[in-house]
Amino acid sequence: MDRDAIEEMFQALGPVTIKRMFGGKGIYHQGRILALEVYDEILLKADAVSAPDFAAAGCRQWLYDGKSGKPVKMPYWSIPDEAFDDPDLMALWVRRAYEAALRVK
């Protein structure tokens, strides 16, 4: 995904900073990471408060195979499909991601 598309996706928050990381991109707002682009997919940050909302919306949590071969769950979730066609709904999800980023110590 190119920089313009990412910035448009997060426009409800204001300016975002995009940095290369992990073979993808980290997406930051006001110095807090709130999303990743991994394998051409944007994944939003969640925590114990917001993860149930992501799960209820049918989103997938990002997992990778750890050194022991067991899956490692990361605090990033896919975006509900319907949010891509609805800027107001996308704004809701990116705000949830930012709120989760603020709650993380």
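Select L43 and its contacts (heavy atoms within 4.5 Å). Not counting residues up to four places away in sequence, L43 touches L34, A35, L36, V38, W62, Y76, W77 and S78. L43 lies in strand 4, where strands are DSSP runs of E with at least two residues and helices are runs of H or I with at least four, both numbered from the N terminus. L43 counts as buried because its relative accessibility is 4%; buried means under 20% relative accessible area, exposed over 50%, and partly exposed in between, with a 1.4 Å probe and protein chains only. A distance to draw next is L43 to K73: these residues are 30 apart along the chain, and their C-alpha atoms are separated by 13 Å.

The model is predicted, with local features needing pLDDT of at least 70 and side-chain atom pairs counted only at pLDDT 80 or more, while totals for chains, interfaces and linings use all residues. Residues are numbered from 1 along each chain as its sequence is written, and side-chain values use heavy atoms, with hydrogens and water left out.

Move to I42. Again leaving out residues up to four places away in sequence, I42 touches M1, I6, M9, F10, I27, A35, L36, E37, W77, S78 and I79.

Now show the nonpolar cores, defined as sets of buried Ala, Val, Leu, Ile, Met, Phe, Trp, Tyr and Cys residues joined through side-chain atoms within 4.5 Å. The largest has 24 residues, and those with the most contacts inside it are F10, L34, I42 and L44. At least two residues of this core come from each of helix 1 (3-9), strand 3 (32-38), strand 4 (41-45), helix 2 (51-56) and helix 3 (87-103). Helix 3 gives the most, with six residues. A second, separate core has seven residues, including Y28, I33, V38 and W62. In soluble globular proteins, nonpolar side chains tend to be buried together.

Select Y39 and D40 next. Y39 is found in the loop between strand 3 and strand 4, and D40 is placed in the loop between strand 3 and strand 4 as well. Phi of Y39 is near 55°, and D40 has a positive phi of about 65° although it is not a glycine. Most residues other than glycine have a negative phi. Y39 is exposed, with a relative accessible area of 76%; D40 counts as exposed at 67% relative accessibility.

Go on to R96 in helix 3. R96 is partly exposed, with a relative accessible area of 21%. Leaving aside neighbours within four places in sequence, R96 is in contact with K45 and D53.

Finally, show the whole chain. The protein has three helices and six strands, in the order α-β-β-β-β-α-β-β-α along the sequence. Its C-alpha trace spans about 40 × 30 × 30 Å along the principal axes. Buried residues make up 42% of the 105 residues. Among contacts with a separation of 6 or more, 45% are between residues 24 or more positions apart.

Colour by charge to end the tour. There are 14 positive and 16 negative side chains, and the centres of the two sets lie 12 Å apart. Lys and Arg count as positive and Asp and Glu as negative, without His and the chain ends; each charge is placed at NZ of Lys, CZ of Arg, CG of Asp or CD of Glu.
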